[in-house]
Amino acid sequence: MNNVTKYLKSIGYNVQHDSIQCKLDDAEWVAYKRTDIKTKDCKCNDKPPQIAIVYHNLFLGGEYRESYKVELIQENDLGWVDLSFYGLGEDDILNNITQIEKRLVKAWEATWSEL
């Protein structure tokens, strides 16, 4: 287990190595957590939005490259919304995940027709 997965587990994320999303995104692992920030619930499941962190590790140009994507994909009153930060490094996750989550939730709120 690396520093990022240890940290994410310590703040409430569920890390999965063989989920459907791992297979669909060709990711090594994915971490999930419903936001604790008070906001509108998803229309399809009446729950707070879920934040997902998708980790990719690939060998390119003779070296390993890591990349993280943090996403919020949920349904609101206008349809499905796909919001993300991508191309992030380990330091971005370790130092900024709280701010990234806050910004994704604010963006989520802005996508509703009834503000």
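**Figure 1. The largest nonpolar core of this predicted model has 22 residues.** The residues with the most contacts inside this core are Leu8, Trp29, Ile53, Tyr68, Val70 and Ile93. Here a nonpolar core means a set of buried Ala, Val, Leu, Ile, Met, Phe, Trp, Tyr and Cys residues joined through side-chain atoms within 4.5 Å, and buried means under 20% relative accessible area, whereas exposed means over 50% and partly exposed lies in between (1.4 Å probe, protein chains only). Two or more residues are given to the core by each of the elements H1, E2, E3, E4, E5 and H3, and the largest share, 6 residues, comes from H3. In these names H stands for a helix (DSSP type H or I, at least four residues) and E for a strand (at least two), numbered from the N terminus. Because the model is predicted, local features need pLDDT of at least 70 and side-chain atom pairs count only at pLDDT 80 or more, while totals for chains, interfaces and linings use all residues. Residues are numbered from 1 along each chain as its sequence is written, and side-chain values use heavy atoms, with hydrogens and water left out.

**Figure 2. Helix H3 covers residues 90–110.** With 21 residues, H3 reaches 28 Å from its first C-alpha to its last, close to the 30 Å expected, where the expected span is 1.5 Å times one less than the number of residues. At asparagine 96 the helix H3 bends by about 80°, the bend being the angle between axes fitted to the seven residues ending there and the seven starting there. The buried residues of H3 are Ile93, Ile97, Ile100, Glu101, Leu104, Val105 and Trp108, and they pack against helix H1 (3–10) and the strands E2 (29–34), E3 (50–60), E4 (63–75) and E5 (80–88), contact meaning heavy atoms within 4.5 Å.

**Figure 3. The whole structure holds 4 aromatic pairs.** Rings of Phe, Tyr and Trp (its six-membered ring) pair if their centres lie within 6.5 Å, and planes under 30 degrees apart count as stacked, over 60 as edge-to-face and the rest as tilted. The rings of tyrosine 55 and tyrosine 68 have centres 5.0 Å apart and planes at 45°, so this pair is tilted. Tyrosine 55 in strand E3 and tyrosine 68 in strand E4 are 13 residues apart, and their pair links distant parts of the chain. Tyrosine 55 is buried at a relative accessible area of 2%, and tyrosine 68 is buried at 0%. The rings of tryptophan 108 and tryptophan 112 have centres 5.4 Å apart and planes at 85°, so they form an edge-to-face pair; both of these tryptophans are buried. Ring pairs also link Trp29, Tyr55 and Tyr68 into a cluster.

**Figure 4. Strands E4 and E5 form a hairpin with 4 residues between them.** They pair in the antiparallel sense over 7 bridges, two strands being paired if DSSP finds at least two bridges between them. Glutamine 74 stands opposite valine 81 in E5, and glycine 79 in the turn has a positive phi of about 145°.

**Figure 5. Strand E2 pairs with E3 in the antiparallel sense over 6 bridges.** Arginine 34 stands opposite glutamine 50 in E3.
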